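Hello,

Here is the structure I promised. My notes on its packing follow below.

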Amino acid sequence: MLYLDAAATTPVRREALEAMWPYLTGEFGNPSSHHTVGERAAAAMADARSRVAGVLGCRPGEVVFTSGGTEGANLAIKGLALANPRGRHLVTTGIEHEAVLASVDYLVRVHGFTVTRVAVDAEGVVTPEALAAALRPDTTLVSIALANNEIGTVQDVAALAAVARVRGALFHTDAVQAAGWLPVGARDLGVDALSISGHKVGAGKGIGAVYLRGRLPVEPVLHGGGQERERRSGTENVPGAVALGVALSLAEVERDELAPRVRAAREAFIARVLDLVPTAVLTGPRADRLPNHASFCFPGTSGEAVLLELERLGVVSSSGSACAAGSDEPSHVLIAIGVPPEVAQTSVRFTFGRDVTEADLAGAAESVGAAVASVAAVGTI
């Protein structure tokens, strides 16, 4: 079975599992406890925080551990918007992850914010000019993802954040899909907040982190004992933090070699699929996309039927965001880039892990051709 759904989740790295194991067994202390058992746990948290900060290019004190990317986006968006007195206007796009869109919707419904959704082009790209036109004197926060999970679009976040900064607005980027594949240094990107998720880089589910710049005021989403410098209360997930520190550090070390190799295999895969299925439509950009991402619509088929046939042929992929699995509605991302609803429902996404080979993807492309042909043939009977 060839697993091509890394955007949904990845297996836990052995190095991360081995690093976290002691904190699941003998080293079980609570880092807030003032005794030797707790102090050892606190030391492990400090080391993990330093490792994450090293990759995010920030100070350890600017890293807040969370339960994952969803909580990170909630904390960054709600926390900064509610604590910042500048205004009650938000800017985002129509192709963001549900965690971002739902956080923005909450602020609109419950706290009286207004929102402007910047238009994207047919490849999902936001231009600095479009963002500048959306900003207002009372804009408090902009949230635009570094890389899109459904169509792979990579935004020029540094340029977009610079536009927001000139106008006095804060900027959050969802870097969940980018971590391990693209540079995620917060200072280089010029962002005020950046969220990542552990299970996308081999650290397991239930852990993530968010960078929050310096002394920015943040209203916590979780209230309680004041852990994480009073930004995220709750007893810390020590094993998860340790695993994230190790997995993220290893992914960053490997990135310079891994990303170009997988990108080249991805390019060959896209070319072969388009050759085998002339009616296929590549969604998202051909060039400026995540190295490990390819996504298509196959007009005249059912995306779900293609997925089932692919799995029968030994290839596991997805129809888009795992967070929207089970929905009968076409992808909001594809609708936002102008794909007709009936075509959007034929979408299939292929996302590759670090161990994928060119031979793997060559075989997968042949399976895609066979699966689409089989589903199309059934549809014409």
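**Burial and cores**

Asn-149 is buried, at a relative accessible area of 9%. Buried here means under 20% relative accessible area, exposed over 50%, and partly exposed in between (1.4 Å probe, protein chains only). Asn-149 sits in the loop between E5 and H6. Helices (H or I, at least four residues) and strands (E, at least two) are DSSP runs, numbered from the N terminus.

The model is predicted: local features need pLDDT of at least 70, side-chain atom pairs count only at pLDDT 80 or more, and totals for chains, interfaces and linings use all residues. Residues are numbered from 1 along each chain as its sequence is written, and side-chain values use heavy atoms, with hydrogens and water left out.

Now H6 (residues 157-166). Its buried residues are Val-157, Leu-160, Ala-161, Val-163 and Ala-164. They lie on the same side of H6, because they cover an arc of only 155° around the axis (directions from the helix axis to the C-beta atoms). Their cover includes helix H5 (128-134), strand E5 (139-143), strand E6 (170-174) and helix H7 (186-189). Just after H6, Gly-168 has a positive phi of about 85°.

The largest nonpolar core has 96 residues; Leu-131, Phe-171, Leu-244, Phe-269 and Phe-296 touch the most other members. Such a core is a set of buried Ala, Val, Leu, Ile, Met, Phe, Trp, Tyr and Cys residues joined through side-chain atoms within 4.5 Å. Helix H9 (residues 238-276) gives this core its largest share, 15 residues.

Leaving aside neighbours within four places in sequence, Phe-269 contacts (heavy atoms within 4.5 Å) residues including Phe-296, Phe-350 and Leu-361.

Best wishes
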